Amino acid sequence: MLLEDIKKYCLGKHKAYEECPFGDIPICYKLNGKIFAQIYPYEVD
């Protein structure tokens with residue numbers, strides 16, 4: 001699954017939104033103020 005597919009899936013949830021409360025990484029997806037998914041878009045060495 002590609003990053004854009006995951007973002008689209010998460011934002012497809014009713015009232016879901018994207019936020020970066022900790023800086024650029026991770027990208028968080030929230031519902032009702034609670035995180036339901038986190039994405040770390042960069043590879044870790």
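This is a predicted model: local features need pLDDT of at least 70, side-chain atom pairs count only at pLDDT 80 or more; totals for chains, interfaces and linings use all residues.
Which residues form a nonpolar patch on the surface? Residues are numbered from 1 along each chain as its sequence is written, and side-chain values use heavy atoms, with hydrogens and water left out.

**View 1. The nonpolar surface patch.** Ile25, Tyr40 and Tyr42 form the patch, with about 350 Å² of accessible area together. Areas follow the Shrake-Rupley method with a 1.4 Å probe, and for residues only the protein chains shown count as cover. Patch residues have over 30% relative accessible area and no salt bridge; nonpolar side chains (Val, Leu, Ile, Met, Phe, Trp, Tyr) are joined within 5 Å, like charges within 9 Å. A salt bridge is a side-chain nitrogen of Lys or Arg within 4 Å of a carboxyl oxygen of Asp or Glu. Tyr40 lies in the segment after S3 and counts as exposed because its relative accessibility is 52% (exposed, over 50%; buried, under 20%; partly exposed, in between).

View 2. Three strands are arranged in the order S1-S2-S3 with antiparallel pairing. S1 and S3 are the edge strands, each pairing on one side only. Neighbouring strands are turned by 35° against each other on average, direction ignored. Helix H1 (residues 3-11) packs on the sheet and touches S1, S2 and S3, its direction making about 170° with that of S3. Helices (H or I, at least four residues) and strands (E, at least two) are DSSP runs numbered from the N terminus; paired strands share at least two DSSP bridges. Contact means heavy atoms within 4.5 Å, and angles, from 0 to 180 degrees, are taken between N-to-C directions of lines fitted to C-alpha atoms, for helices over the stretch in contact.

**View 3. Pairing of S1 with S2.** Three bridges join strand S1 (residues 17-19) to S2 in the antiparallel sense. Tyr17 stands opposite Lys30, and Glu18 has Tyr29 as its bridge partner. Four of the five residues of S2 are buried.

View 4. Antiparallel strands S2 (residues 27-31) and S3 (residues 34-39) are joined by five bridges. Lys30 stands opposite Ile35, while Leu31 has Lys34 as its bridge partner. Two residues separate the strands, and Asn32 in the turn has a positive phi of about 50°.

Notes. Buried means under 20% relative accessible area, exposed over 50%, partly exposed in between (1.4 Å probe, protein chains only).
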